[in-house]
Amino acid sequence: MPQDYILARLLSNNAQWAEDVEKVEPGFFAQSAKGQAPKVLWIGCSDSRVPESVVTASKPGDIFVHRNIANQFHPEDDSALAVLTYAVAHVGVSHVILVGHTNCGGAQACHAIAHDPSAEAPEGPLGRWLAPLTELARAHDDLTDLVEANVRTQVENIARTDVVQAAWAKGKDVQVHGWVYELETGRLRDLGVSVGKAGAV
């Protein structure tokens, strides 16, 4: 059965990319297979327009990653907590960056639900996932303000976790940062809300 063109293109592009990387940096993949030691954990949105390695011109192995709808960090989310735990306690990252982005579909949906009586909240897992952001949206009329407020909230959530608190108690200088990626310009913007073991950075 012939492969779908989209999948075939992905595999073909991958083969060409791997060949190009090996030509430019012989032995890169063999070295990469031995282990990883990234210093950054990127927690971002699942949006296809914000691929962390591409927008930061990073190589495989540079960034440990967790992405979800609307770049949330729910305190009770075992998936996010497991990633954070592994990144901080085992991989040894020193920077956790929570990255939102302009024109976020999740934020737009929550904004609409919060301010438009005719808008219907999604049901099931998506509705449960977006519920905290919908509540946050009630206090923000502007979408960009909501995106930034969401980043600040998630930075606070991460900093309050037992994982980060324990790292700080052990003297580890793990820092949590909040950035916004601007789809319109391709630029990352630091919101200046970084926090470390001694407080604001």
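I6 counts as partly exposed, because its relative accessibility is 48%; buried means under 20% relative accessible area, exposed over 50%, and partly exposed in between, with a 1.4 Å probe and protein chains only. Before I go on, this is a predicted model, where local features need pLDDT of at least 70, side-chain atom pairs count only at pLDDT 80 or more, and totals for chains, interfaces and linings use all residues. Residues are numbered from 1 along each chain as its sequence is written, and side-chain values use heavy atoms, leaving out hydrogens and water.

Back to I6, which sits in helix α1, residues 5-24. Helices here are DSSP runs of H or I with at least four residues, strands are runs of E with at least two, and both are numbered from the N terminus.

Now, salt bridges. The whole structure has 7 of them, each a side-chain nitrogen of Lys or Arg within 4 Å of a carboxyl oxygen of Asp or Glu. In helix α1, E19 and K23 are 4 residues apart, about one turn, and their side chains meet at 3.4 Å, N to O. K23 is exposed, as its relative accessible area is 60%, while E19 is partly exposed at 41%.

Which residue pairs with E25? That's K59, with the closest N and O atoms 2.9 Å apart. This pair links distant parts of the chain, 34 residues apart: E25 is in the loop between α1 and α2, K59 in the loop between α3 and β2.

Finally, R189 bridges to E182 at 2.8 Å between the closest N and O atoms, and shared partners join E148, E182 and R189 into one network.
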